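Biologist: Could you walk me through this structure? I would like to start with the annotated regions and then look at some helix packing.

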Amino acid sequence: MSVRTIGVVMNGVTGRMGYRQHLVRSVLAINEQGGVTLSDGSRVKLRPVLVGRNAAKLAELADRHGIPDHTTELDAALADPDNLVYFDAQVTSARVKAVLKAIEAGKHIYAEKPTAESVEEAVALAEAAAARGVKNGVVQDKLFLPGLLKLKRLIEGGFFGRILSVRGEFGYWVFEGDWQDAQRPSWNYRAEDGGGIVLDMFPHWHYVMENLFGRVRSVYAQAVTHVPRRVDETGHPYQATADDAAYGVFELDGGVIAQINSSWTVRVNRDELVEFQVDGTEGSAVAGLRNCRVQHRATTPKPVWNPDLPVTARFRDGWQEVPDNAEFDNGFKIQWELFVRHVLEDAPFPYDFAAGARGVQLAELGLRSSAEGRRIEVPQL
């Protein structure tokens, strides 16, 4: 079967996520496996064109991986007719302008989330892409995590009966940058640069809830800045203007209640950095990045509250591990392959800019809920 190559303009790959997950573990990994396989058996390889503001960083990256094409001129990369796809992993504040340029150039667009800083801009991107007739998609990687794929399998198999509630815990301690380097860039803590954990994580939680449990009907959130002073990459202290923790309660279709805590100021006492507990009338499950444990109604113990006696049972021993039953590939890579098939042969891809706009909407309403101290209904976009 034939092998063809298409150009992919990749803007923002000098950042941690753009480099590791999208360039190395997705685009380059796809090429190493021989390309994306289409429905007719033919294969498509991806020719990355690296774009960014720092020429030296781009050159070093290109040399490290043997990539011939790199430039600081986005317009020039977009002008090349062989470049069919534009990918954006820049800081959020720079995304809208660049994506609109790519839409004007007639490129198919794949972007990291959030697609914009406001729901107005996110909707405008979706409308612009539809008007230009270009395919568009937003990264929704957590749907492809092994733990959540197992959870989806349980839902589709009817394991839970009627789902009652979802409880999510996500986060870890991000060092302040003084006596240990921070694991996240300083812009994450500046609202004026598109930072904040609500804007970062609520779009994730939206697509997880929407795809697994149902449409989000309302949100009540408390967003806070627990650590107001941090130190940036150059060693200079700065004032954090964005939230570093958020505590949300969401009402979903069917009366399901989801409670999700997101924090960069929490020390981990969980098996994984993110865990979701789902409780239903027939059983419960706890799913993380890779693992998923279940407890069925028939094997649920009957604890009795008695603070005067020590606990003799180890509650975790009453749970059963869900087997893999499949090979799990990198979630970012899987979604890249889906998007390439969507572009070239119109294969289904539901994770479009409209879905991205709904995620931004939830973040915006979460921040508004926190500011106004009240529950807010989520209008349907």
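Modeller: Happy to! In an unreviewed entry, UniProt lists residues 149-285 as "domain: GFO/IDH/MocA-like oxidoreductase". Please keep in mind that this is a predicted model.

Biologist: Over residues 149-285, how far apart are the end C-alpha atoms?

Modeller: That stretch of chain is 36% strand and 18% helix. Its end C-alpha atoms are separated by 13 Å.

Biologist: Which residues does UniProt list for "domain: Gfo/Idh/MocA-like oxidoreductase N-terminal", and what is the helix content there?

Modeller: The record, again an unreviewed entry, gives residues 50-135 for that domain. Over residues 50-135 the end C-alpha atoms lie 21 Å apart and strand makes up 16%. The helix content is 51%.

Biologist: Thanks! How are α5 and α9 oriented to each other?

Modeller: Helix α5 covers residues 119-132, and its axis is 8 Å from that of α9. The packing angle is about 175 degrees. Angles over 145 degrees count as roughly antiparallel. So α5 and α9 are roughly antiparallel.

Biologist: What classes of residue make up the contact of α5 with α9?

Modeller: On the α5 side, V119, A122, V123, L125, A126 and A129 take part, and they meet F353, A354, A357, V360, Q361 and E364 of α9. By class, that contact has one charged, one polar and 10 nonpolar residues.

Biologist: And where α7 packs with α9, what is the angle, and what does that make α7 relative to α9?

Modeller: Here helix α7 (residues 197-212) packs with helix α9 (residues 353-372), their axes 8 Å apart. The angle is about 125 degrees. That makes α7, relative to α9, oblique.

Biologist: Is the crossing of α7 and α9 left-handed or right-handed, and how many residues of the contact are nonpolar?

Modeller: α7 passes α9 in a right-handed crossing. From α7 come V198, L199, F202, P203, H206, M209 and E210, while α9 brings R358, G359, V360, L362, A363, G366 and L367. Of the residues in this contact, two are charged and three polar, and the nonpolar ones number nine.

Biologist: One last stop: is R290 buried, exposed or partly exposed, and which residues does R290 touch?

Modeller: R290 sits in the loop between β15 (283-287) and β16 (292-296). Its relative accessible area is 46%, so R290 is partly exposed. Leaving aside residues up to four places away in sequence, R290 touches P146, G147, K150, E272 and F328.

How values were computed
Residues are numbered from 1 along each chain as its sequence is written. This is a predicted model: local features need pLDDT of at least 70, side-chain atom pairs count only at pLDDT 80 or more; totals for chains, interfaces and linings use all residues. Side-chain values use heavy atoms; hydrogens and water are left out. Axes are lines fitted to C-alpha atoms, for helices over the stretch in contact, and angles run from 0 to 180 degrees between N-to-C directions. Helices (H or I, at least four residues) and strands (E, at least two) are DSSP runs, numbered from the N terminus. Angles under 35 degrees count as roughly parallel, over 145 as roughly antiparallel, 65 to 115 as roughly perpendicular and the rest as oblique. A crossing is left-handed if the near helix is turned anticlockwise from the far one by less than a right angle, and right-handed if clockwise. Contact means heavy atoms within 4.5 Å. Ala, Val, Leu, Ile, Met, Phe, Trp, Tyr, Cys and Pro count as nonpolar, Asp, Glu, Lys and Arg as charged, and the others, Gly among them, as polar. Buried means under 20% relative accessible area, exposed over 50%, partly exposed in between (1.4 Å probe, protein chains only). UniProt positions are given in the numbering used here, feature names are shortened, and annotations may be inferred rather than shown by experiment.
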